[in-house]
Amino acid sequence: MLSRINNRIGVMGLLVPAALLLLPLYLYPLLEIVSRSLGDKGWSTGNYLELFQDPVMLRVLYQTFKFAFIISALCVILGYPVAYAMRIASDRTRRTITLLILLPLWTSTLVRAFAWIVILGRNGIVNATLTELGIIDEPLKLVYNTVGLYIGMVHIMLPFMVLPLYNSLSRIDLRLLSAAETLGARPISAFFWIVLPLSMPGVLAGLLLVFMSSVGMFVLPALLGGLSDITYTMLIEKQINELNNWGLAAAMSVFLLVVTGILTLFYGRILNIEASSGILGEVVRQVFQRGPIHLLIWRERILARLLASHGSRLANRMQSARLVPRHLLVKCWSWAVLACLVAPLLVLFLLAFSGQAFLHFPPRSYSIRWFANFFSRDDWVTPAITSLKVAILTAIGAILIGVPAAYAIVRGRFPGKGIATAILISPMIVPGLIFAISLYALYGRLNLLGTLGGLVLGHIILALPYVVVTVSAGLKSADASLEAAAMTMGAGPIRAFWIVTLPMLRPTIISAAFLAFLTSFDDVILALFLSGLSTKTLPVRMWEGIRYEIDPTIAAISAMLMLITIGLKFVAEWSARRGTKSNIPGFTAIQATDAGTR
Amino acid sequence: MTSADVVSQGIVLKERSGSQVNRTAQDESKSKSGCVQLSGLTKEYGGIRAVDDVSLEIAAGEFVTVLGPSGSGKTTVLMMIAGLAEPSAGAIAIGGRDITHLRPQHRNLGVVFQSYALFPHLTVTENIAFPLRMRRKNESDICRKVREILDLVRLPDLAQRVPGELSGGQQQRVALARALVFDPPVLLLDEPLSALDKKLRENMQFELRELHRNLGVTIINVTHDQSEALVMSDRVIIMRDGRIVQSGSPSELYEHPKSSFVADFLGTSNFVKGEVQKSRDSDESSLVTVGGLRCRVPQADQGLKGQARLMIRPERIVLNAVPTATQEHFVGRIAEIAYTGDLIRYRVALNDQDVIEVTLQNKPGHLPQGCIGSEVTVGWSLEDVHIFVESTTQ
């Protein structure tokens with residue numbers, strides 16, 4: 001009994017490093033935001049009243065929700081056929097599609113924004129081509145406006161729609177479709193009667209995920225949107241940097257946090273809707289699964305009445321043979337969407353080797369001058385070195401703190417475990433900008449702004465969820481009884497972990513370290529607020545570059561970043577697979593939650 | 001199908017729903033549309049012939065079972081008839097109409113899948129109404145037909161449940177109802193009973209038979225369960241490696257198997273290996289077993305020569321019988337006795353090499369006294385013996 005209690009406390013001890021980091025640098029700053037939102041002196045709801053009374057506030061709120069809604073809707077329309085094609089494809093095709101979906105996901109947001117600017121800009125590829133072909137006289141305005149914002153956001157969010165959709169579709173027994181066909185259903189009817197209702201939980205999960213990520217978006221609208229395309233997070237930033245109105249910014253942040261929190265709760269519930277028998281499960285079933293069925297039944301009733309006089313038409317339909325290949329439309333649609341997903345990356349990659357001073361596609365001559373330019377300029381190389389330093393330190397720190405924490409929440413049994421897990425994972429969900437301003441305020445008082453250490457600590461908090469999720473998955477698949485076996489042979493718990501569990505976890509830990517490295521290496525928002533001149537990171541330098549100049553050097557950097565990131569992700573993925581034998585769904589969990597930081 | 005056919009079928013539907021009175025009219029219609037013809041049906045998967053040149057004629061109203069071990073191509077044949085697999089060669093005709101390249105939704109066949117494939121989000125009623133809605137029947141017809149078919153499969157109380165709330169047997173009936181509700185001339189069953197437990201399976205076998213008798217629908221059933229095939233079918237087709245090896249009525253196949261494969265696959269069989277030789281003293285051939293026994297060969301098999309297997313069913317062997325002219329008899333020792341309830345199975349060693357199994361009904365006074373090791377005589381009639389030549393040596 002005594003040893004049991006000791007064990008339990010020992011396991012909780014593994015959470016101490018995480019607590020020492022998260023309590024002062026994550027939870028405290030967020031709480032401070034809450035307290036600031038209630039006024040500087042005493043408690044007042046003035047800021048919140050302004051939130052819902054100021055017409056500008058309301059307009060931006062409405063606009064943000066409208067953007068998020070349209071982005072989600074576009075993602076469903078574009079992504080559903082892709083997920084469906086993935087479901088019905090052969091294993092090999094499915095792997096290809098998965099890779100094509102993951103490639104853009106593995107590429108930094110900045111790189112993708114830059115790619116779209118190059119493609120859609122005034123002198124961009126689309127306009128240049130259309131002008132050359134004589135289709136248009138004046139260049140179309142495709143970027144720095146709402147159109148550009150939608151294109152860029154959909155490009156980023158599409159994978160987060162396709163993956164949960166595929167997950168849900170993969171649970172549908174394809175024999176149901178065969179059955180429907182033998183019962184007289186045309187493929188299109190079979191789809192609306194069977195596939196669509198059964199995939200509704202996936203549609204809802206995808207919609208929620210994309211919606212809640214889009215509500216917190218900051219980097220992309222700032223780069224691709226027009227002057228009036230202001231989102232909620234951009235307005236928060238403006239309140240702080242331009243108007244110095246912390247109270248209102250805090251209130252806005254709290255409001256956004258609450259919205260995101262509620263959406264996350266729904267998302268979690270809908271993900272395992274089959275298991276839940278609660279009210280939400282019933283609502284989803286009745287409204288979203290049964291609803292379409294009732295509509296279809298009514299449609300059939302009306303049609304039956306209308307067609308009663310045309311009995312022979314049915315007879316004619318009976319004659320039609322197999323003329324069109326199955327699922328032709330779905331396949332064409334999917335490959336077109338996938339091509340659009342990957343094309344910007346390829347374009348950018350080619351442009352990096354352009355021999356010209358302006359971006360023309362395809363390049364008229366090839367050279368490596370822009371790579372050379374990058375390495376010869378201190379204002380690029382210095383941030384790159386800073387980024388490397390920060391990312392390596394982040395990876396080390398996140399592993400040292402995250403692995404024990406993951407062990408505690410997987411193997412331990414203690415009160416408050418659920419809360420501890422939620423807190424460890426939550427930095428993935430909290431909109432990046434809110435975390436950034438909360439830490440910005442704290443660092444300002446502690447004189448940590450512009451320090452390498454301060455930035456690293458912030459990045460460790462961002463990276464911790466990825467480490468915890470990856471290592472937890474690894475630990476769950478590693479057999480706990482092996483550890484127990486080692487202990488029956490006389491090894492203490494620490495020794496058992498060191499000799500038995502750690503070697504099994506090595507591939508997982510390597511994978512987690514790469515993820516942490518990339519989280520830090522990709523981050524723009526936190527670095528924008530926390531790094532000063534001396535600790536400017538590469539993404540911050542690129543952010544400035546993309547905003548103020550369109551320079552092929554950025555294409556060269558983007559190409560290098562793509563190679564590095566995709567290479568590292570491959571290593572991480574490969575190593576995680578070796579460790580846990582997890583296939584795509586397991587990986588999806590990590591990737592899907594990635595959306596929160598964009 | 002011409003529009004006149006559709007109309008005439010429509011009339012039939014209404015008539016049947018009334019009562020059994022119009023059975024004859026219905027049977028006539030079925031005889032037009034219910035016959036199935038497969039000619040040279042072949043399916044290749046990447047160079048491997050899953051189904052190899054299968055030709056078959058099934059009369060309207062017949063209950064045919066395709067029986068074979070897994071991988072024999074039986075399910076592929078069924079899926080090609082249903083339109084869910086495209087034949088590599090050959091043709092399928094139903095009711096005299098070529099449907100080889102028709103999409104499944106235009107074939108008008110009822111299919112019951114092994115997994116039932118009930119739509120999990122639809123109620124029992126909606127599942128059964130589905131094929132009617134796809135055919136744009138009017139609502140009152142749909143309601144009536146669904147009610148009737150639910151009565152027919154004895155599930156009227158479960159109309160509003162979803163499949164997840166039903167037992168395996170109930171799901172089976174719903175699947176059956178859904179496949180029958182639109183009065184297809186042909187019903188295809190893919191291992192329909194394999195997911196049920198033994199008791200339920202045996203009950204369902206009788207129910208299916210009864211349903212078949214009442215509806216007059218052509219049924220093509222696919223199974224690997226030989227007892228199911230024997231119990232239910234008018235005709236059994238045995239497949240192996242994509243080919244039909246023998247077809248015939250259950251008793252024909254059981255009594256007169258043409259190959260040792262069929263004999264082995266249907267029921268239990270004793271096989272005794274040996275060589276067919278001419279006797280020295282007479283013209284009669286006999287089979288000399290590995291263990292040196294000399295067994296007489298029936299009149300019909302006299303011309304055979306070479307390495308062969310003698311087959312005799314365990315239930316056709318008599319223990320401790322009085323020898324008569326037509327009977328073979330040997331002396332052996334009981335090697336093992338297995339008690340299975342209704343039957344007692346004896347393993348009798350005739351010598352070191354030849355061991356045969358004998359089954360006897362568990363009836364009082366019917367069983368020979370004896371225990372393991374005791375001596376018995378075994379005997380059989382020559383007409384129960386089958387000889388399968390394996391290779392001819394000369």
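Me: Why does B:Arg347 count as partly exposed?

Reply: The relative accessibility of B:Arg347 is 38%. The model is a predicted one.

Me: What makes B:Arg347 and B:Glu357 a salt bridge?

Reply: The closest N and O atoms of B:Arg347 and B:Glu357 are 3.7 Å apart. The cut-off is 4 Å between a side-chain nitrogen of Lys or Arg and a carboxyl oxygen of Asp or Glu. Because 3.7 Å is within 4 Å, the pair qualifies.

Me: Is B:Glu357 buried or exposed?

Reply: B:Glu357 has 13% relative accessibility. Buried means under 20%, so B:Glu357 counts as buried.

Me: Why is B:Asp52 called buried?

Reply: At 11% relative accessibility, B:Asp52 is under the 20% cut-off, so the term buried applies. B:Arg49, at 43%, is partly exposed.

Me: What makes A:Asp173 and A:Arg175 a salt bridge, and how exposed are A:Asp173 and A:Arg175?

Reply: Their side chains meet at 3.1 Å, N to O, which is within the 4 Å limit. A:Asp173 has 29% relative accessibility and A:Arg175 has 42%. Both values lie between 20% and 50%, so A:Asp173 and A:Arg175 are each partly exposed.

Me: How many salt bridges does the rule find over all chains, and how many across the interface of chain A and chain B?

Reply: Over all chains the count is 27. Across the interface of chain A and chain B the rule finds one. B:Glu126 and A:Arg290 form a salt bridge with closest N and O atoms 2.6 Å apart, a value within 4 Å.

Me: Which elements give two or more residues to the side of chain A that touches chain B?

Reply: In chain A these are helix 9 (175–182), helix 10 (187–198), helix 15 (279–307) and helix 16 (311–317). Helix 15 gives the most, with 11 residues. That side of chain A divides into 21 nonpolar, nine polar and 10 charged residues.

Me: What is the area buried between chain A and chain B?

Reply: About 3600 Å² is buried between chain A and chain B, with 60% of it given by carbon and sulfur atoms. The contact takes 40 residues from chain A and 39 residues from chain B.

Me: Which residues touch the most other members of the largest nonpolar core?

Reply: A:Ile71 and B:Phe130 do, in a core of 270 residues. Helix 19 (residues 378–411) of chain A gives the largest share of this core, 15 residues. Leaving out residues up to four places away in sequence, the contacts of A:Ile71 include A:Leu149, A:Tyr150 and A:Met153.

Key
Residues are numbered from 1 along each chain as its sequence is written. Chains are lettered from A and ligands numbered from 1 in the order in which they are written. This is a predicted model: local features need pLDDT of at least 70, side-chain atom pairs count only at pLDDT 80 or more; totals for chains, interfaces and linings use all residues. Side-chain values use heavy atoms; hydrogens and water are left out. Contact means heavy atoms within 4.5 Å. Buried area is the accessible area (1.4 Å probe) that two parts lose on being put together, summed over both. Helices (H or I, at least four residues) and strands (E, at least two) are DSSP runs, numbered from the N terminus. Ala, Val, Leu, Ile, Met, Phe, Trp, Tyr, Cys and Pro count as nonpolar, Asp, Glu, Lys and Arg as charged, and the others, Gly among them, as polar. A nonpolar core is a set of buried Ala, Val, Leu, Ile, Met, Phe, Trp, Tyr and Cys residues joined through side-chain atoms within 4.5 Å. Buried means under 20% relative accessible area, exposed over 50%, partly exposed in between (1.4 Å probe, protein chains only).
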